[in-house]
Amino acid sequence: MQKIVCCFGEILLRFSPQLGGEWIKNATMPVFVGGAELNVATALANWNVPVQYTSVLPDNQLSVELKQYIEDKGISADKMPCFGDRIGTYYLPQGADLKNAGVIYDRAHSAFWTLAPGKVDWDSILENVSWFHFSAISPALNEDVVDACEEVLKIAKSKGITVSVDLNYRAKLWKYGKQPVEIMPRLAQYCDVIMGNIWAADWLLGIPVDASINPDSTQEEYLAHSIRTAEAIQKQYPQCSVVAHTFRFDAPPKGILYYTTLFTNGQQYVSPTFTIDEVVDKVGSGDCFMGGLIYGLYNEKSSQEVINYAAAAAFGKLNEYGDATKQSVEQVENLLAKFL
């Protein structure tokens, strides 16, 4: 029987208005089904990795349609817990970044927000699962969700399941009196793969960025710092065998410069440097990178192959409209070949 990757997080509806009043004049606002972990699952399904998605949905017709939408992507959603009253949403103007101040969340008291220990049969969810992925977005909601995350992580580790985390930082979500650095170390201790960047490691894990690092720092300086951060993560969290970092910089007026690193067994592997003059949509690029990491590690690719594929996939996502990638393995590899 194939081993399954389980992606766990809140399913969200993203409303994407066109600013300048156009959404009001035209009475239209595009709606996307998303959530960071669903974006990862979608990428993996595209790349023929057996994957299931676990969230929490209310028991209503919209949830039925959402589960069917997920299943139609080749992602298993048949073990989705159903309780609570509403689906989480957020508003993000077209062309904006999730880290941009323009994002407006409406997630309080969603079904996922009501998650707490003892409410989900994790043994059933984790049946035949070999990899469990979550992100720092879920524990940003409230302490009951944190406790539920730790509950499932403990069970996953007891079953020998590989655990990965994306150190997504959403400042607007951490509103319950705790700083990320007070919470995330508690969960990171269970993780075999930690993905983020040197700044996220500072904000969420308390591993500081050198004062010498600034916008004028060279790529060589960033890469050297990436090694120091990865070594500090692995020293602090001995369970972690793989650390991956992304470096994405604006290239005015509308472009991006992008490269990534993977650190394992005392060695750092660096992707090619990717550049583009204009970005279609920044949303979901980091999720696509995470999917690429899982894809490569799940398929036991070499470390250099893993980081090259993940970086190319994330870069390719910048050319796609919407939350999740539609790229095939062949398209990612063809894009990568242009930068090698």
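**Ground rules.** I number residues from 1 along each chain as its sequence is written. The model is predicted, so local features need pLDDT of at least 70, side-chain atom pairs count only at pLDDT 80 or more, and totals for chains, interfaces and linings use all residues, while side-chain values use heavy atoms, with hydrogens and water left out.

**Helix pair.** I looked up H2 (residues 36–46) against H9 (residues 285–298) and found an angle of about 50° with the axes 8 Å apart. Helices here are DSSP runs of H or I with at least four residues, and strands are E runs of at least two, numbered from the N terminus. I take axes as lines fitted to C-alpha atoms, for helices over the stretch in contact, with angles from 0 to 180 degrees between N-to-C directions. I then checked who meets whom (contact is heavy atoms within 4.5 Å): Ala-36, Asn-39, Val-40 and Leu-44 of H2 face Asp-287, Met-290, Gly-291, Ile-294 and Tyr-295 of H9.

**Strand S9.** Next I turned to S9 (residues 193–196), where Val-193 and Met-195 on one side and Ile-194 and Gly-196 on the other are all buried (under 20% relative accessible area, 1.4 Å probe, protein chains only). S8 (residues 162–166) pairs with S9 in the parallel sense over 3 bridges; pairing needs at least two DSSP bridges. Met-195 is the bridge partner of Asp-166.

**Gly-35.** I found Gly-35 in the loop between S3 (31–34) and H2. Gly-35 counts as buried because its relative accessibility is 5%. Leaving out residues up to four places away in sequence, I noted that Gly-35 touches Glu-10, Leu-12 and Asp-323. Gly-284 lies 249 residues from Gly-35 in sequence, yet their C-alpha atoms are 8.8 Å apart.

Terms used. Buried means under 20% relative accessible area, exposed over 50%, partly exposed in between (1.4 Å probe, protein chains only).
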